[in-house]
Amino acid sequence: MNENIYKIPTINLGTLEKKIERLSRRAAKLGSPDVGMEILEGYEDVENDDGTVTRFYQVRVTDQAPRLNGWRFVARLQHLGEGAWSCTQVQGNVIRAVPGESVPERFRTAEPWCEHCNVRRHRKDTFVVARDDEYKQVGSSCLADFTGHPSPDSAAQAAEYLIQADELCAEAMNDDWLGGSGGPTLLRTEHYLAYVAAEVRRNGWTSRSTDPLRATADCAIVTMQLVGKNHYTSDVQKPLERDWEKAQRALAWVREELAARDRLGDYE
Ligand SMILES: [Zn+2]
């Protein structure tokens, strides 16, 4: 069971889902249909300095990798070889573990051994499988016997997709990931309305149909985000105390009076 939970900003959620779906389809071709992601219930909103809100969802990689007789795939061990050890003075194996699995310490320095057929051969990779708390190191030709995959290569590859799905989630936690995928921008209502009030105070109100390039609603957002990022702004553009008050009154009016009305005009 993969216990890793990732906090993904909404802006990355769509791209992440697409990429995981692609892994899932590849895994299905190998007979591992269940690499996927699950979005857990609920979300967390974080208010940014620029008046926008970043909404985070919790995501988990689902990993019902095929098992045979209760054995599950745990890790791939990449053996650097004795030559490599003496050159780099590094002793040990590179461990690529399936998300949520921890690998016993002894495998860090294990030789390329197969505990199934008891043969030590020259191998670049071996694999760790487990049943409950019992761990075994096996060679690729014996791996299929444990995981139930038709071939050792597909067993290793299916596990690799699982590892990649986990890595994708970890990357997608960063809201700069791939430049974002164009999810919705959320605004702190009161913060935004204060900028609207300031905009109206300085330039009057302009509807989008009057002048699509200078609509008050849009100018206020641009100013709000520029001020938040400290770009090309002066104090003149920031809301005054009375703009904040006006924003609060407008919000109260909308939430209390307007919300109670049955019919609304266009402006309302
Ligand atoms: Zn073997």
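Reply: The mean pLDDT of the chain is 81, with 85% of its residues at 70 or more; pLDDT is the predictor's own confidence in each residue, on a scale from 0 to 100. This is a predicted model, in which local features need pLDDT of at least 70, side-chain atom pairs count only at pLDDT 80 or more, and totals for chains, interfaces and linings use all residues. Residue numbers start from 1 along each chain, following the sequence as written.

Strand β9 (residues 134-138) has the highest, at 93, while helix α2 (residues 81-88) has the lowest, at a mean of 49. Over residues 83-89 pLDDT stays under 50, and the model has three contacts there beyond four places in sequence. A contact here is two residues whose C-beta atoms, placed from the backbone, lie within 7 Å.

Now some context. The chain has seven helices and 10 strands. These are DSSP runs numbered from the N terminus: helices are H or I with at least four residues, strands are E with at least two. Among contacts with a separation of 6 or more, 64% are between residues 24 or more positions apart.

On to the sheet itself. It is an open sheet of four strands in the order β5-β4-β8-β9, with antiparallel pairing. Two strands count as paired if DSSP finds at least two bridges between them. β5 (93-97) and β9 stand at the edges with a single partner strand each, so one side of each has no neighbour in the sheet. From one strand to the next, the twist averages 25°. Angles like this run from 0 to 180 degrees between N-to-C directions, using axes fitted to C-alpha atoms, for helices over the stretch in contact.

Let's go across it pair by pair. β4 and β5 run antiparallel and are joined by five bridges, and His79 stands opposite Asn93 in β5. β4 and β8 pair in the antiparallel sense too, over six bridges; here Arg72 has Ala130 in β8 as its bridge partner. Then β8 and β9, also antiparallel, are joined by five bridges, with Val129 opposite Lys136 in β9.

β8 and β9 form a hairpin with two residues between them. Asp132 lies in the loop between these two strands, and its phi is near 50°, a positive value in a residue other than glycine. Most residues other than glycine have a negative phi. Asp132 is exposed, because 8 other C-beta atoms lie within 10 Å. The cut-offs go like this: a residue is buried if 20 or more other C-beta atoms lie within 10 Å of its own, exposed if 12 or fewer, and partly exposed in between, with C-beta atoms placed from the backbone.

Val74 counts as buried because it has 23 C-beta neighbours inside 10 Å. Leaving aside residues up to four places away in sequence, Val74 touches Ala97, Val98, Glu101, Val103, Val128, Val129, Ala130 and Tyr135. Val74 is also 8.2 Å from Ala159, C-alpha to C-alpha, although the two are 85 residues apart in sequence. Gly100, in the loop between β5 and β6 (113-114), counts as partly exposed because it has 15 C-beta neighbours inside 10 Å.

What packs on the sheet? Helix α3 does, touching β4, β8 and β9, and its direction makes about 20° with that of β8.

Finally, the wider core. A nonpolar core is a set of buried Ala, Val, Leu, Ile, Met, Phe, Trp, Tyr and Cys residues joined through C-beta atoms within 7 Å. The largest one has 33 residues, and Phe73, Phe127, Val129, Ala159, Leu162, Ala165 and Cys169 have the most contacts inside it. Elements that each supply at least two of its residues include β4 (72-79), β8 (125-131), α3 (140-147) and α4 (152-172). The largest share, 10 residues, comes from α4. The core draws at least three residues from each of domain 1 (5-66 + 166-179) and domain 2 (72-148), with bounds taken from an automatic or database domain assignment. Another core lies apart from it, with 12 residues, among them Ala194, Tyr195, Ala197 and Val227. Over the chain as a whole, buried residues make up 26% of the 268 residues.
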